[in-house]
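The sequence and the model are shown first, and the description follows.

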Amino acid sequence: MGSTGTVLRELRGAQKSAKGVSLYSRYVNRPAGRVLAAGSYRAGLSPNQVTLISALFTYGAVASVALVEPSWTLAVLVYAALAVGFAFDSADGQLARLTGRGGPDGEWLDHVVDCGKLLLVHTAVLISFYRFGELPSEAWLLLPLGFQLAAVVTFCAGLLRENLGKAAASAQGPSWAATPAAPVSRVRAVALLPADYGVFCLVFLLLGAPGAFRAGYAVLAVVHTLFLAAFLAKWFRELKALRAG
């Protein structure tokens, strides 16, 4: 087992493409995940164990949102747990690529944890609104449901776009698969920041000020809904182009 520095160098060479990744994931979450992946490797953990550690941090934070009255202390603890859980979510894939121990079971587990996270985090906000929030109107209870819909549809549609795109490209033969990828766009990486889960987690730092949290959460809900509409149109055009090709 090599030194931590050696492991980190190997991990830097085993990164996924930065295409379609926001600046937060590229420069904050992935590097943090790389450090956690190196530590997990040194500790002898498997990628699936790292996925479960990610779930422990994330789901613990989500449960706290639903069960504990909002405060500044809760805000810091929830954000920290969500950020660490997100970093471990990056670490499991990096560890799998480093060790060659990835497989369909690990990918399946990772997606199950991610899907559960998206469902539960907005459910927890709904419960918190109902239990602790002095809402201007009961209509605010619909906001987490709408945000949850946008988040889950984006996740599922994006996953289907990726898998269907791979299947279509494979059916087109080697010449199609050899088409060079578009260069990484920094402008796109900046534009994707509002849709990044890591940026979404920042809103929980406002839990100590319920009005500010509601406002920030509402703004992100609108932004994610607009991104969903843009993503759906883009992915549909891309899949249609694959069929035509």
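## Salt bridges

Lysine 234 pairs with glutamate 238 in a salt bridge whose closest N and O atoms are 2.5 Å apart; the term denotes a side-chain nitrogen of Lys or Arg within 4 Å of a carboxyl oxygen of Asp or Glu. The model is predicted, so local features need pLDDT of at least 70 and side-chain atom pairs count only at pLDDT 80 or more, while totals for chains, interfaces and linings use all residues. Residues are numbered from 1 along each chain as its sequence is written, and side-chain values use heavy atoms, with hydrogens and water left out.

Both lysine 234 and glutamate 238 lie in helix H10, 4 residues apart, which is about one turn of the helix. Helices are DSSP runs of H or I with at least four residues, numbered from the N terminus. Lysine 234 is partly exposed, with a relative accessible area of 25%, and glutamate 238 is partly exposed as well, at 24%. Here buried means under 20% relative accessible area, exposed means over 50%, and partly exposed lies in between (1.4 Å probe, protein chains only).

| Pair | N to O distance |
|---|---|
| Lysine 234 and glutamate 238 | 2.5 Å |
| Aspartate 89 and lysine 117 | 3.8 Å |
| Lysine 117 and aspartate 114 | 3.5 Å |

Aspartate 89 lies in helix H4 and lysine 117 in helix H5, so their pair ties together parts that are 28 residues apart in sequence. Lysine 117 and aspartate 114, by contrast, are 3 residues apart in helix H5, about one helical turn. Lysine 117 is buried at 7% relative accessible area, and aspartate 114 is buried at 10%. Aspartate 89 is buried too.

## Nonpolar core and surface patch

The largest nonpolar core has 28 residues, and those with the most contacts inside it are Val78, Leu82, Phe200, Phe204, Leu207, Phe213 and Tyr217. Such a core is a set of buried Ala, Val, Leu, Ile, Met, Phe, Trp, Tyr and Cys residues joined through side-chain atoms within 4.5 Å. Helices H3 (47-67), H4 (72-99), H5 (104-132), H9 (197-201) and H10 (210-244) each supply at least two of its residues. H4 contributes the largest share, 8 residues.

Phenylalanine 213 is placed in helix H10 and is buried at 5% relative accessibility. Beyond four places in sequence, phenylalanine 213 touches Val125, Phe129, Val203, Phe204, Leu206 and Leu207, where contact means heavy atoms within 4.5 Å. The C-alpha atoms of phenylalanine 213 and valine 203 are separated by 6.5 Å, although these residues are 10 apart along the chain. With the same exclusion of neighbours within four places, leucine 207 is in contact with Val65, Pro70, Ser71, Leu74, Ala75, Val78 and Phe213.

On the surface, Val76, Leu202 and Leu205 form a nonpolar patch with about 220 Å² of accessible area together. Patch members have over 30% relative accessible area and no salt bridge, with nonpolar side chains joined within 5 Å and like charges within 9 Å. Valine 76 belongs to helix H4.

## Cysteines

The search finds 0 disulfides, a disulfide being a pair of cysteine sulfur atoms within 2.5 Å. For cysteine 115, the nearest cysteine sulfur is that of cysteine 156, 5.0 Å away. Cysteine 115 is partly exposed at 22% relative accessibility, whereas cysteine 201 is buried at 1%.

Conventions:
Areas by Shrake-Rupley, 256 points an atom, 1.4 Å probe, with all protein chains shown as cover.
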